[in-house]
Amino acid sequence: MRSSSIGMTVVMALAIGGITSPSLAQNTLVERIGKAPDGVVHVQFAGRPGTCGDGRDVIGFRKALFAESFQSIGNWTAPNCRPGPVRVALTVANGKVTSVKTYVGGDWARTSDRVTDLGTVSSSEAASYFFALIPQIEGNGRRGDKSRLLLPAVLADDPAAVSRLISLARDESRAQDTRRQAIQWIGLLGDAKVVPVLVAFASGGGAAPTGSDIDENDEAPGKKGLATAAMAALSLLDNGAGVPALIDLARSGTSGTRASAVFWLGQSGDPRAFAALHGVIENGKEDERIRAHAIFSLANGDDTPESEYAYLRAIYPRLTSDKLKEAIFQGMSEKRSGSSAWLIARARDSGEPVRLRKSALFWAGQGESTSTKDLVAFYRGTTDPALREHAIFVLSQRDDEASLNELMRIANSDADKQMRARALFWLGQKDDPRVAKLISDRVLK
């Protein structure tokens, strides 16, 4: 009895002192989940500050938003995304985890499976467990689930996450998607200290040979995908810590690297990035495709101010490349650009080639800020047959009453038989009872 009493006293002393004996360490989350019966295991823990969710599929953290089948990186709004604990439901069969579902806040979803609730665990223990679980479950699930693979590990409020993510990203035995997700989270959780790590990934691949297609959408296999992910991560670092490195990559990399770098510079919203993009756009010795990418990036950033759209409009007359001019047209269709009138003016400019005038009109039609009234006025004020026919097409791409009415008017009474036929053709693509009647009346005549 005395020996047993002494042993219990030691265990209690270790527990009170915050020290765990080797034997006690075995009774961890790993063992508890491993001993759980087949079914679902519930566990919850404190998330990082800034973590939110809707209790179901939506989870947000900084510039990352996850839903049921997608993830978004950039500015986002989700009114129902509220702070709460991270809750993880693990499907267990024969002592092994086969799937993981992560939620923030709310209540546990109802299930007909047997549930083992392990309650609340420490964030550090949760992080250790879920990082260790990755090799077992990374091949499971649908494509949309893969973007959520790291969520329980990285959302746990544990300071060791960044070093673990770096090791995971460097582990060539891991799946490509896993490594790319790890690099993304390095950008979301890291600071200036991780810049050399991300630059090493960005420089280690991702450069298409000169003349190859340039893909900034991070869809390429192999090292190219990791490099592009690293440039995206550089753009996510707090306080613009990764911007100088992106500027260097945009200036000194090969064509694929420069293209990706200029794209992510535009997503950073940093004034230094905007200035660097100006340099790329105005560099006549740069690959024309990369200059077009720089224009696209500048116009399509989440935090691009109006002054940058004004810059693009101002530089337009100095450009000699149709490709670059068309890139500006596309950029001006952005809702924030306030360039509807400018695009219509370019479409009306008889000094421009018809090809460019048609492009300006198309992008004007794509812009939400362009009124259908302005497009109708363009059609009625133009005598060039190619532009009139193109204006009919642009009107057909709109889904509002005014555009339909104008197409009906053209089909019924326009003086030009060819324009009537084109309007009738595009009306035939629409599902509207008035169009059906118009076509029926034509057939019966």
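**A tour from the disulfide to the sheet**

Begin by selecting Cys-52 and Cys-81, whose link is right-handed, with 90° about the S-S bond. The two sulfur atoms lie 2.0 Å apart in this disulfide, a term that stands for a pair of cysteine sulfur atoms within 2.5 Å, and by this rule the count comes to one disulfide. Cys-52 belongs to strand E2, whereas Cys-81 sits in the loop between E5 and strand E6 (86-93), so the pair ties together parts that are 29 residues apart in sequence.

The model is predicted, with local features requiring pLDDT of at least 70 and side-chain atom pairs counting only at pLDDT 80 or more, while totals for chains, interfaces and linings use all residues. Residues are numbered from 1 along each chain as its sequence is written, and side-chain values use heavy atoms, with hydrogens and water left out.

Colour the two cysteines by accessibility next: Cys-52 counts as buried at 8% relative accessibility, and Cys-81 counts as buried at 13%, where buried means under 20% relative accessible area (1.4 Å probe, protein chains only).

Finish at strand E4 (residues 64-66), which is joined to E5 by three bridges, the two running antiparallel. Here, select Leu-65 and look across to Ser-72 in E5, which stands opposite.

Notes. Two strands pair if DSSP finds at least two bridges between them. Helices (H or I, at least four residues) and strands (E, at least two) are DSSP runs, numbered from the N terminus. Buried means under 20% relative accessible area, exposed over 50%, partly exposed in between (1.4 Å probe, protein chains only).
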